[in-house]
Amino acid sequence: RYSLFYNHLKNIEESEGGLDKFTKSYKTFGVNQLPSGGIYCKEWAPGAEAVFLAGDFNGWNPSSHPYKKLEYGKWELFIPPEGGRSPVPHGSKLKVVIRAQNGALLYRISPWARYVVREEDKVNYDWVHWNPPQSYIHKNPSPKRLKSLRIYESHVGIASPEGKVASYKNFTYNVLPRIKDLGYNCVQLMAIMEHAYYASFGYQVTSFFAASSRYGTPDDLKEMIDVAHSMGITVLLDVVHSHASKNSEDGLNQFDGTDSCFFHSGYRGNHQLWDSRLFDYANWEVLRFLLSNLRMWIEDYRFDGFRFDGVTSMLYHHHGIGTGFSGDYNEYFGLHVDEDALCYLMLANHMINTLHPECITIAEDVSGMPALCRPVAEGGGGFDYRLAMAIPDKWIQIIKELKDEDWNMGNIVHTLTNRRFDEKYIAYAESHDQALVGDKTLAFRLMDAEMYTNMSVLIPLTPIIDRGIQLHKMIRLITHTLGGESYLNFMGNEFGHPEWLDFPRIGNNESYHYARRQFNLTEDDLLRYKFLNAFDRDMNKLEERFGWLASPQAYVSEKHEANKVIAFERAGLIFIFNFHPYQSYVDYRVGNWQSSLTVAFKYKILLDSDAGEYGGHQRLDHNTEYFSEEFPHNYRPNSIMV
């Protein structure tokens, strides 16, 4: 694998003048304003017979501005300035006109378009030339690379209690302060790359270089990222390079009139489950397009890294469809692995690490591909983190299938600690996947219909709400502290957002009722959502203080099946969880490592899910001091009584 990567890198150096020049193509392809006032245009359309530029600037004449044909399917056009001014004004609508091999004229949006807009009364998007007299100027430097990532997974369009598509401005001034207050230091933005179908959650991308216009302008997004940086918040982009929308009117599909431009031709170029097109990662121009795309998001918008979506689909020719992974190495090495896609990921991580070493990359891989998060120089994938995707599935399985008294402590610990050595994992109890219609969030699984009627503090606490609130906190805390080297939460789930997430579509009469986040629920003192919100905030603030995510993996000293107790140490703290549905304990001995030969170590409660401010029953005295003594317990040299 390293040999394949090295050969690609060597070819880029020899034929393109180096990786830096190769990945700067976003500055020359598409339609670009020159300092002289002229316009330079460049496209890759190997299947085209002829290429033209049409738009407002030439009265939509489809043949007045022909491109010149270059080598390897490239085309270029230079339009001189008119009286020292640009011949294509800012805000002009444009289309690339392709004369296909069958003679048909195809009006296409450039794959490199920076801004596309759909007017309310239209079905298709318009490509708009974005060249404002003064672009947004970033004022704040990017935050330094974080040791502990606490990620707030977000979607700009639903980030409001109102039933509408929310804006970048709304996120900047209303949501970012909330994220900061909750103790998250990183925001991961979904559905930024333009997608014609809103209900696709941003995963059916049509314009890869365009920030979605349904939330505002490119400058609005730049301002949003700049303000996040001023708060010390790292900003990641959920990037979709695993597939592309089949939409040929607004997207890449059949750009030059063939099915092989950017994608594999025929069966291999289609994803059976997603009904989308699959990139040909062996193609030189596809590599240029995707690598330049990453670089543009970093350098133009100042994103601090990426979460790569659908990595499992990229890694294997079977795309993970109907395939289980047991950990056997034969599942990860063989002809079923798409080495071209893997090589692209290695090139992407190498480029990012070389040109922007402060940036972070995350892989969404459910297969467990070995060395995905090891350096490229070791033959690894080069990612910094991978998602611990087994953890949310385990919590769902436990809640759905087991009675409380049947919860298996050993199985919980195994799932939370079962990760590849020296590869960093992002732990999460639930993400956007669990919030979507057809699934349920943890809060909704735990409390279901009673969330509509019994979340008021003015009515007695019912057994279902009580159990749901307590387990919601405990599940998130043990996942945060034991499950990985980073933590992720999807917006709203921190306070147990009721109901599911469903975008406007024909099936729900185009309703926005479920395409919103009701942050206002946490601001109502008469509702119990405030307890979950406060616990999540203090959990993150405690990690910020002690840094357990950046510490070595926890030492688990106890997973007691009868007592339903899990105890472990990490970052100099002792974490003790009592999952028993009705049994509390006094004088409970817990092992610890700290030596007490010269001093008696004293412990105090730092975070208590049973505290009153978190909707608990206040059964513990926080003034109590617990002393470590030289009494071996559970293979630890010392212990404390709690």
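The expected span of a helix is 1.5 Å times one less than its number of residues, and helices here are DSSP runs (H or I, at least four residues), while strands are runs of E with at least two, numbered from the N terminus. This is a predicted model in which local features need pLDDT of at least 70 and side-chain atom pairs count only at pLDDT 80 or more, whereas totals for chains, interfaces and linings use all residues. Residues are numbered from 1 along each chain as its sequence is written, and side-chain values use heavy atoms, with hydrogens and water left out.

## Positive phi in two loops

Tyrosine 72, which lies in the loop between β4 (68–69) and β5 (74–79), has a phi near 60°, a positive value in a residue other than glycine. Tyrosine 72 is exposed (over 50%), with a relative accessible area of 64%.

Aspartate 422, placed in the loop between α9 and β20, is not a glycine either, yet has a positive phi of about 65°.

## Domains

An automatic or database domain assignment gives domain 1 (30–110) and domain 2 (555–641), whose C-alpha centres lie 69 Å apart.

How values were computed: Buried means under 20% relative accessible area, exposed over 50%, partly exposed in between (1.4 Å probe, protein chains only).
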